[in-house]
Amino acid sequence: MQFGIFSVGDVTEDPTTGTTISEHDRIKAMVAIALKAEEVGLDVFAMGEHHNPPFVPSSPTTTLGFIAARTQKLLLSTSTTLITTNDPVKIAEDYAMLQHLADGRVDLMMGRGNTGPVYPWFGQDIRNGIQLAIEHYALLHRLWREDVVDWQGKLRTPLQSFTSTPRPLDGVPPFVWHGSIRSPEIAEQAAYYGDGFFANHIFWPKEHTQRMVGLYRQRFEHYGHGSADQAIVGLGGQVFMRKNSQDAVREFRPYFDNAPVYGHGPSLEEFTAQTPLTVGSPQQVIDRTLGFRDYAGDYQRQLFLMDHAGLPLKVVLEQLDLLGEEVVPVLRKEFDSLRPAHVPEAPTHASLLAAREANAAEQVEAVAAGADGAHE
Amino acid sequence: MSDRSLVVVSAGLSQPSSTRLLADQLAVATVSALEKLGATADVRVLELRDYARDITNNLVTGFPSEQLKDALSAVAGANGLIAVTPTFRGSFSGLFKSFLDVVDDEALRGTPVLLGATGGTARHSLMLEHAVRPVFVYLGSVVAPTSVFAATDDFAGDVQLVPLRARIDRAAGELAAEVIRCERTAAPDPFALTTSFDQLLAGD
């Protein structure tokens, strides 16, 4: 199982000091957080893509390329890549380039974005939201798998004999997750392609996640990619820890109370009861996270939101130490012991390459066997 | 005859509340009108004051608490709804509108609704028509032609003789008739997949 963090990249005032860091410091903090993720033994760093303040990460491949150069093992991903407003040709090229530079340590999570006004900034129309997600991805999928593409759709200019460059590393496209909170069409899309499905999970009651993951698993099986419990599922999580749970609650409360997403509404206690947010000791985080399996099934990727709502970098790095040292090793062991043998790990470049080679070898054998048969 | 569920939403804030008083009168009159039509009704009253924090939290977070979810399910599943608000600043109360703002888009489509309001003077009488009725028309509800506005003066005098009584009975009769006539269908499931992927790909 893969464990990691996902960052929104918000610039938010620290409510305990009234200070707001600069965009420059926030961008550097994101890099420091990613490097720390590798240092403490996490597997994945994923970052959002936003084109409006108070968010800084408008250019994920620039950032991830920079991080790739300074890490060795960390898998770099997105949360999410805007499949609606980005040109699929540019996504195909940018991420293939990143994949080469990072020696395959790249996957992506597709999303539709969370704000309507972004569509016209990139020449698109929000009324086509779902259709853009479907059509753009259908094209992206082909661009990574076919060297020369002729294509015509409804929402983009046609392509004639187009080759996106560079071709994916070793001819293996990056693995793709589809992220969604409550659009069944996106779960269906992930199932159709046999891609991964990532349920945002945080900020919402678990019933949302349960329904969406259930739909995705059922449709994954329907499309013949494997049994429902072999579908590739990722979940978000949100935690704040201190050795002593009371300290965690006391320290996190002002950040919670003023957080952009849920602040000035429910109490910390209500929200932790209603959503996966866990504020407490590392053991509480372990117990709560293991419980996700009860309604999502055996899953492949767990990403935590750790740096938001104005939390200072120093605190985030301390959180990552706790996550890497006390939480993830236990979760890794527990989840691995619970997962049946027929449930796969999340695909990586290495596993996809090995699978393709095994498949090719099988085909050679089948052709050889067929040829032998013809002689008899 | 089968049981019908009648949900009464009262946005009155004081205790006791004249808005709740009107809501109860409308409910009693509707139950007896249904009885005359051979139907019985379960009545559930939702005092929005009890959900004030939950409603605000839902606006902020985008999802209801367990308690509010239960109330919203009752509204969505009702065979008939009686909605009563006080008149604040010439219109419905903010809490009343906030509640409607967290009701699911399609939850009240086709639901027979009876509108009621209270206010200090009869000068607000048309508030129901110009402020509340359009909201329920937007929600696709079947709104009874008669709505009931009660000013403070209307609660004075002989209960059986005041014009308010006749208006309540007429409105209740209209709601009861719609409740009998309307077959409610289940509200659509927002998580249900309604298209095939081929249709999605084709952009249909």
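Biologist: Before we start, what are the ground rules?

Modeller: This is a predicted model, where local features need pLDDT of at least 70 and side-chain atom pairs count only at pLDDT 80 or more, while totals for chains, interfaces and linings use all residues. Residues are numbered from 1 along each chain as its sequence is written, and chains are lettered from A and ligands numbered from 1 in the order in which they are written.

Biologist: Which residues of α3(A) are buried, then?

Modeller: Among them are A:Pro88, A:Ile91, A:Asp94, A:Tyr95 and A:Leu98. Their cover includes α2 (60-69), β4 (81-82), β5 (107-111) and α5 (129-143) of chain A.

Biologist: What makes α2(A) and α3(A) roughly parallel?

Modeller: Two packed helices are described by the angle between their axes and the distance between the axes. Axes are lines fitted to C-alpha atoms, for helices over the stretch in contact, with angles from 0 to 180 degrees between N-to-C directions. Under 35 degrees counts as roughly parallel, over 145 as roughly antiparallel, 65 to 115 as roughly perpendicular, and the rest as oblique. Here the angle is about 5° and the axes are 10 Å apart, so α2(A) and α3(A) count as roughly parallel.

Biologist: Which residues make that contact?

Modeller: Contact means C-beta atoms, placed from the backbone, within 7 Å. From α2(A) come A:Thr61, A:Leu64, A:Gly65 and A:Ala68, and from α3(A) come A:Asp94, A:Tyr95, A:Leu98 and A:Leu101. Ala, Val, Leu, Ile, Met, Phe, Trp, Tyr, Cys and Pro count as nonpolar, Asp, Glu, Lys and Arg as charged, and the others, Gly among them, as polar. That gives five nonpolar, two polar and one charged.

Biologist: And why does the pair α5(A) and α6(A) get the label roughly parallel?

Modeller: Their axes come within 11 Å and cross at roughly 15°, so α5(A) and α6(A) are roughly parallel too. Residues in that contact include A:Ile134 and A:Tyr137 of α5(A) and A:Ile186 and A:Gln189 of α6(A). By class, the contact has six nonpolar, two polar and one charged residues.

Biologist: What makes A:Asp170 partly exposed?

Modeller: A:Asp170 has 15 other C-beta atoms within 10 Å, so partly exposed is the label. A:Asp170 is in the loop between β7 and β8 of chain A, and its phi is near 55°, a positive value in a residue other than glycine. That loop also holds A:Pro166, joined to A:Thr165 by a cis peptide bond with omega about -5°.

Biologist: How do you know whether A:Phe203 is buried or exposed?

Modeller: With 21 C-beta neighbours inside 10 Å, A:Phe203 counts as buried. Its phi is positive as well, near 75°, and its place is the loop between β9 (196-199) and α7 (206-222) of chain A.

Biologist: What about A:Leu303, and why is the word buried used there?

Modeller: A:Leu303 has 28 C-beta neighbours inside 10 Å, so buried applies. A:Leu303 lies in strand β12 (residues 301-305) of chain A, and its contacts include A:Ile5, A:Val44 and A:Gly236.

Biologist: Last one: how many residues does each chain give to the contact between A and B?

Modeller: Chain B gives 14 and chain A gives 22. On the chain B side, α2(B) gives the most, with four residues. That side has nine nonpolar, five polar and no charged residues.

Terms used:
A residue is buried if 20 or more other C-beta atoms lie within 10 Å of its own, exposed if 12 or fewer, and partly exposed in between; C-beta atoms are placed from the backbone. Helices (H or I, at least four residues) and strands (E, at least two) are DSSP runs, numbered from the N terminus. Two residues are in contact if their C-beta atoms, placed from the backbone, lie within 7 Å. Lists of a residue's contacts leave out its neighbours within four places in sequence.
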